[in-house]
Amino acid sequence: MLQTGQSPKHISGASTLTSRASLRAHICAGRLAHVMAAHSPLSAILAEEAGFDGVWASGFELSALYGLPDVSLVSMTRHLDMVRSMAEQSSLPIIADIDTGFGNAINVIYAIEQYERAGAAAVVIEDKAFPKVTSLLADGRQELIRTEEFAGKIRAAVATRADADFLVIARTEALIAGLGEAEALKRARAYEEAGADMILIHSKRKTPDEVESFVRAWRGEVPIVIVPTAYPEMNESRIRALGKIAMVIYGNHAIRAAVTAMKDVFARIRADGGIHCIDPEIVPVEEIFRLQKMDAVKANENRFLW
């Protein structure tokens with residue numbers, strides 16, 4: 001059962017420790033955590049200002065930012081850099097999407113050490129084979145590893161974490177792979193027994209029925225995480241009615257919103273023959289200065305520069 005953590009074995013940044021403890025406490029108190037995807041420190045800042053409870057350091061969004069397919073091409077080093085930069089700019093808990101854990105249990109051990117140091121509050125590891133293929137791709141290869149092998153990865157992650165408030169979330173892709181609810185439940189139970197703090201269940205159905213059925217059938221003690229990208233009608237009231245979901249991740253809306261806005265603005269500038277029409281409709285440069293904390297730069301210049 002998910003419980004509040006004990007004292008950490010080592011001290012990292014105070015804000016990181018606070019964000020980890022606050023996320024665990026939020027979930028243990030039975031409050032639904034709303035987590036927004038991000039792919040940069042700037043998008044993490046905007047998620048915090050919008051009032052979200054956490055940031056999803058999305059592998060999909062980072063892959064898209066680099067113009068790459070989400071098929072395990074982005075390295076752990078690149079993803080870690082994003083997490084570290086987010087932690088420097090936002091006080092929100094960061095849930096790091098580490099895909100398959102970058103290899104076997106030995107790789108997971110190293111990854112957990114690195115992500116804790118980088119400032120993450122949690123990691124999500126999925127039971128796909130490496131290299132993975134993004135879950136929502138039509139007719140994509142969705143191959144899972146053996147339950148026992150993935151349970152070993154979860155045990156390794158739990159044994160490695162230095163801070164007891166650092167959450168290890170096990171993600172089963174059994175529904176994505178078309179293996180059915182019984183297999184998803186069997187895997188989720190095994191991952192809970194291995195020490196997972198939460199279970200993430202994923203689906204590419206266009207309605208919430210498959211996920212709702214899984215949640216109703218779940219008899220484990222750890223709470224459920226969902227990512228309702230494919231079934232957007234799964235709103236907060238519907239989530240709360242199920243009673244077992246503790247976290248909802250809005251998994252790719254930051255990058256989709258960014259692409260929508262840029263495509264529209266770029267097309268209008270070309271169509272208008274300049275920026276004279278669009279300029280009043282987008283944020284002024286002063287808003288970017290605010291997000292960059294330029295006031296602090298000016299204050300320090302006045303204080304320290306001669």
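**View 1. Which elements build the lining of the largest pocket?** β1 (33-38), α2 (41-49), α3 (59-65), α10 (253-272) and α11 (285-291) each put at least two residues into it. Here helices (H or I, at least four residues) and strands (E, at least two) are DSSP runs, numbered from the N terminus. What you see is a predicted model: local features need pLDDT of at least 70, side-chain atom pairs count only at pLDDT 80 or more, and totals for chains, interfaces and linings use all residues. Residues are numbered from 1 along each chain as its sequence is written, and side-chain values use heavy atoms, with hydrogens and water left out. The biggest contributor to the lining is α10, with 9 residues. In total 26 residues line this pocket, and Leu42, Leu46, Ala258, Ala261 and Met262 sit nearest its centre. Its volume is about 750 Å³. On a 1 Å grid over the protein atoms alone, a pocket is an open set of points with protein on both sides within 12 Å along at least five of seven lines, while a cavity is a set where a 1.4 Å probe fits but cannot get out; lining residues have an atom within 4 Å of a point. Grid points are joined across faces, edges and corners, and a volume is the space filled by probe spheres set on the points. The lining splits into 22 nonpolar, 3 polar and 1 charged residues; Ala, Val, Leu, Ile, Met, Phe, Trp, Tyr, Cys and Pro count as nonpolar, Asp, Glu, Lys and Arg as charged, and the others, Gly among them, as polar.

**View 2. The second largest pocket holds about 270 Å³ of space.** It is lined by 16 residues, with Phe60, Thr134, Leu136, His202 and Asn252 closest to its centre. Sorted by class, that lining has 5 nonpolar, 7 polar and 4 charged residues.

**View 3. Helix α2 has its own buried set: Ser43, Ala44, Ile45 and Ala47.** Buried means under 20% relative accessible area, exposed over 50%, and partly exposed in between (1.4 Å probe, protein chains only). These buried residues pack against β1, β2 (54-57), α4 (76-89) and α11, where contact means heavy atoms within 4.5 Å. After α2 comes Gly51, with a positive phi near 100°.

**View 4. Ile226 is one of the residues that touch the most other members of the largest nonpolar core.** Such a core is a set of buried Ala, Val, Leu, Ile, Met, Phe, Trp, Tyr and Cys residues joined through side-chain atoms within 4.5 Å. Setting aside neighbours within four places in sequence, Ile226 contacts a group including Ile201, Tyr231, Met234 and Ile249. A second, separate core has 20 residues, among them Ala37, Leu167, Ile169 and Ala246.

**View 5. Leu80, in helix α4, is buried, with a relative accessible area of 5%.** Not counting residues up to four places away in sequence, Leu80 touches Gln114, Tyr115 and Ala118. Leu80 and Tyr115 are 35 residues apart along the chain, yet their C-alpha atoms are separated by 6.7 Å.

**View 6. The largest cavity contains about 60 Å³ of space.** Ser15, Thr16, Ser19, Ala87, Ser90, Ser91, Leu92, Ile94 and Gly119 line it. Helix α1 (residues 14-28) gives the largest share, 3 residues. The lining comes to 3 nonpolar, 6 polar and no charged residues.
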